[in-house]
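Visitor: Hi! Could you walk me through this protein while I have it open?
Guide: Happy to, let's bring it up.

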Amino acid sequence: MSAKAIREYDGKLLLAYWLLRSPPLIKSDSSNSKFVPPDTKIAHVAFDISILNDTSINNPSVVFSNHVQQTLQVLEQTHPWLLTDKLVAKPDQLIKRRGKSGLLLLNSDWQQVKEWITEKAGKEIKVDNVTGILKTFLVEPFVPHPSDTEYYININSVRDGDYILFTHEGGIEVGDVDAKALKLLIPVEETYPSSQEIKDKLLVNVPVAKKDVLVDFISRLYAVYVDLHFTYLEINPLVVLDPTSAEDAPKVFYLDLAAKLDQTAEFEVGPKWAIARAPKNIGIAINIESTKTYIDQGPPIEFPAPFGRELTKEEAYIQELDSKTGASLKLTILNKDGRIWTMVAGGGASVVYSDAIAALGFAHELANYGEYSGAPTETQTYEYAKTVLDLMTRNPVPHPDGKILIIGGGIANFTNVAITFKGLIRALQEFKQPLIAHKVKIFVRRGGPNYQEGLRAMRQLGDEIGVDISVYGPETHITEIVPLALLGHGSGYNDNAIDSSENTFQNQLFGTSTPSTKDKTTANDTSEESKDTNSRPTTPISNPRERMTYFENPEISQRPWYSIFTNETRAFVFGMQPRAVQGMLDFDYICKRQVPSVAAMVYPFGGNHMQKFYWGTKETLLHVFNNLEDAIKNFPQVDTVVNFASSRSVYDSTFEFFKYSNQIKTIAIIAEGVPERRARQIIHEAKNKDVLIIGPATVGGIKPGCFKIGNTGGMMDNIVSSKLYRPGSVAYVSKSGGMSNELNNIISRTTDGVYEGIAIGGDRYPGSTFIDHLLRFENDPKCKILVLLGEVGGVEEYKVCEAIKDGRIKKPLIAWCIGTCAKMFATEVQFGHAGALAQSDLETADAKNNALRKAGGIVPETFEKLPLVLRETFQKLVSDGTIKVVSEPEVPKIPIDYSWAQELGLVRKPASFVSTICDDRGQELLYAGMRISDVFKENIGIGGVLSLLWFKRRLPDYACKFIEMILMLTADHGPAVSGAHNTIVTARAGKDLISSLCAGLLTIGDRFGGALDGAAEMFAGAYDKSLTPREFVNSMRRQNKLILGIGHKIKSRNNPDLRVEIIKDYAKRNFPATSLLDYALAVEEITTTKKDSLILNLDGAIAVCFVDLLRESGAFSREEAEEYIKIGALNGLFVLGRSIGFTGHYLDQKRLKQGLYRHPWDDISYLVPGVEQGRTFISQDKVAKKDIYS
């Protein structure tokens, strides 16, 4: 939902700050008002009512009472005027008619206010039919005034503009405002009316002395309304007091206020909302929030839940998840003790399932409303499912009748069903025992990409965990699982099921294509358009072995106004959307179009280039332009744009398209979350430019055999199974994109198929409406049946009723509005789409269904009967000859990408690489099977990570610590060693970090640092052969070989290397055994008798200790230990450790800004022929005389 209510406190703060700051809509004219806003004196107090339900507290009521008193004491410190002014107090929880409900305290001092708030805080009250707990209050100065100074003003938005309602009789007894208020419509993008017009239209009953100040106030109020993206603003009473002798003009006070903001506009005006709520701007004496850091200059606006619908901890958690993802996650708890729980994919589908449950009389048993959609990740669906399952099985006493879990959904357009099901399956596995204990039965119905694998995994899960799971695919009507679950049998309305294991891709790959379920199509297919559609592409490929296919820009024939898409339609795709473009081209290919429907892509963030796509099994190139002007110039025949711009940029990009409205005639806006004011501005400009807008918040639309928008229709297997590759006789218009796929499915199973389908989008102000498209279908002779799928919220369906009544629509219209369950809920529930909320009785689904039925539309009793009336209507038209049945064309072959076929498990190929240490494919990185979050949770450190990635197992803590010790001890050994020297020289030559580091690492070998592997092999080999230390030393002497790991240039037995001492001491204290270390120390005793510096050096100590670790830790077999020694694991430790030091030397040289290094001549022996052997010294005198060689 985009329009969300805010607290009165926040609404007044916004007005207080912005009334004099928002850009004026008109220049000041003859009425020079002296309007001055009242002082900002308003206090807000909220109490933590969770204390009352905290079982860990001994006496919650006493603790809560103390909490209330402490909070009130802080409030009087931050708002000292509370101690001196007469006050008004009231709850601030979106409660209507507080005065009539006894929730208003007037003309009281602070002590009385405290007592009143203390009495009511934490108490449960009932307002109308809603029960809730009071926890948030507003306190402000009392303004004494006579009743004849009370006025009423309301500003609200509609599709065509903003209405200002005003009446001179405001206050608690205002009555029927719609009937008595004067109204002024300010159309979208039109000039704000003059002061005189406002007086004439709204202020006719206001005393003359107050008109000027009211004109100024109303103008400023409307400026704030527009500037801050309000969608609703009501002030009652608005008090205007006559000026005193010391005042120049009447004073205006807005005493009671209700408002809604467009939440989707937060990216645009969030900073303005925030600054108005900053402590420094609201008169708080002590800034108690000074330590908090906000992304703007004040705290973000809050959108509280409706009264009586306070968010539970679980609802708040899902709301937080939703705010952090581009997917949609919604959860509303209706009845925590209910038997029926749902996890439904899709905004429209979630409403349909709730409707079906309510229609069977089980609304009182429905526990929750919610949806997940927009391709959520495995982790997101896991968290969502885990939350629902926890709520479902939390009650320690199982329900005697057991519980039902409905995992439903429509046919997805692009969501990989198998991947989202992985998250659900993971959660269900975790809740195995609670599900069994609560006798939960699970019913699953889903369709879309890879749904077969998802359903197979669900069936298998039922067998694994011992829970009854019934699984159905798109062959079953979307809500058929509801009567199966609740009544134990189907509805009997849908008897056209086919084998649920059908896999169109697999059938075509292996030559087992399922025959058509109906041997018919329409006589309309004999049209020229259909003839073109059923012919092969005429553009030949000169060489059959050539992979590329090239197309010329075709000539486009004129089309009638009602046909926005033909098999010649070409489009620009705005945004880098290769997947959507490929889907459009695949659709074109199976429809046998002559040229691709996508002429080019427009992507402002890159240069002009070509991008490769598939045309069937061949390839073709499409242009990518970085500006629209170049695209228009190169493709003058394009008249359609599919705009994938984000909600933040779609307004600007769409207005750029309007510059070329002489060519661009249709724009589909895919983005969700477009601010309502921007959407209305787009609609207004589109009307002026004669451009058709589809969307925003839409998947698009499809005309079988001709053109599809973006991801409409889903994957190719769904397009083929719904027969969208050729035209039928039924045209539909829907709000929901997901439900449009269901309509494709239903229509293909009950009639000859879809002629055209449009999803206008779920926002409150779609660019084109139901009537716009239905009138097109009505005038198209090839379309025989119309279908309308509306929903709760909005009034556009009534325009369809009028069209039926006045004869503009004569063809059979089958209609249904979803959301009939809304009347069953005690509190306001926002359904999946932004526009799916009834704001009056006229906007309810029941009212609209009744109106459509009364007007002459064919409206079934329930959505479940929609297929039945479709079939009956179609058969009637076939019987009377309106639709003539002809043979079904051959089912086209489906081009499929190799990657998708591999994901479906239809093909295989050997992998180019094998990796057994790390997996980055899932939602969380895995190190040798350990989740990265667990790496930090268990604090395994660098040693633990290295053990996972190098040895594929978790080593004991002492071993991980030893690895870290090695890295620290080998990190550096000064700038003089060869590796550091090379690094420094390279850094001073101006090279980058990587080059300098590599220069140093390339010196590592047997002579420098790389003796670890060799030392390990020598000592381990001698030890394993049972050679005594002396025999080992003597054998190496006889072979004239040095013992790797023995000897040091500086250190000796009398001047030991402390690094070696540290390693020896740690190994002795922590290792289970140190056999090889002891052996090496015995060797050292022999070698040092020959020379004092022939000690066990750092390389040797690390090598023998690490062999002891590999052999004695119990983590490795003897064979594994030997293999790690042979493949260089020990040298890897030195390389990794010394990289730390080399990087340090590089940074040190860069920081010191050292210049190019040149080695001094006097440190080089030049052995050049004809020059004396050894060093040659030249005197400065000879150099000066240039007598160098004398």
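Visitor: What is the mean pLDDT of the protein?
Guide: This is a predicted model, and its mean pLDDT is 88, with 91% of residues reaching 70 or more. Over residues 512–542, though, the pLDDT is below 50, and that stretch has 80 contacts in the model beyond near neighbours in sequence. Residues 832–838 also have pLDDT below 50, with 36 such contacts.

Visitor: OK, new topic. How many residues are in the largest nonpolar core?
Guide: That core has 101 residues, and Leu774, Val800, Ile809 and Phe863 have the most contacts inside it. At least three of its residues come from each of domain 3 (313–491) and domain 4 (571–880).

Visitor: What does Phe863 touch?
Guide: Leaving out residues up to four places away in sequence, its contacts include Val352, His477, Met739 and Trp816. There is also a second, separate core of 59 residues, with Phe1071 and Leu1133 among them.

Visitor: Which residues does UniProt list for the citrate-binding domain?
Guide: An unreviewed UniProt entry gives residues 309–486 for "domain: ATP-citrate synthase citrate-binding". That span is 45% helix and 20% strand, and its end C-alpha atoms are 27 Å apart.

Visitor: Last one: what is the strand order in the open sheet?
Guide: The order is S35-S36-S37, with antiparallel pairing. Strands S35 (918–919) and S37 (930–931) are the edges. S36 (residues 926–927) pairs with S37 over two bridges, and Leu926 has Arg931 as its bridge partner in S37.

Methods: Residues numbered from 1 in each chain as written. Predicted model: local features only at pLDDT ≥ 70, side-chain atom pairs only at ≥ 80, totals over all residues. Heavy atoms only, no water. Core = buried A, V, L, I, M, F, W, Y, C linked by side-chain atoms within 4.5 Å. Buried < 20%, exposed > 50% of the residue type's maximum accessible area, 1.4 Å probe, protein only. Domains from an automatic or database assignment. Contact = heavy atoms within 4.5 Å. pLDDT = per-residue confidence, 0-100. UniProt positions renumbered as here; feature names shortened; annotations may be inferred. Helix = DSSP H or I, 4+ residues; strand = E, 2+ residues; numbered from the N terminus. Pairing = 2+ DSSP bridges.
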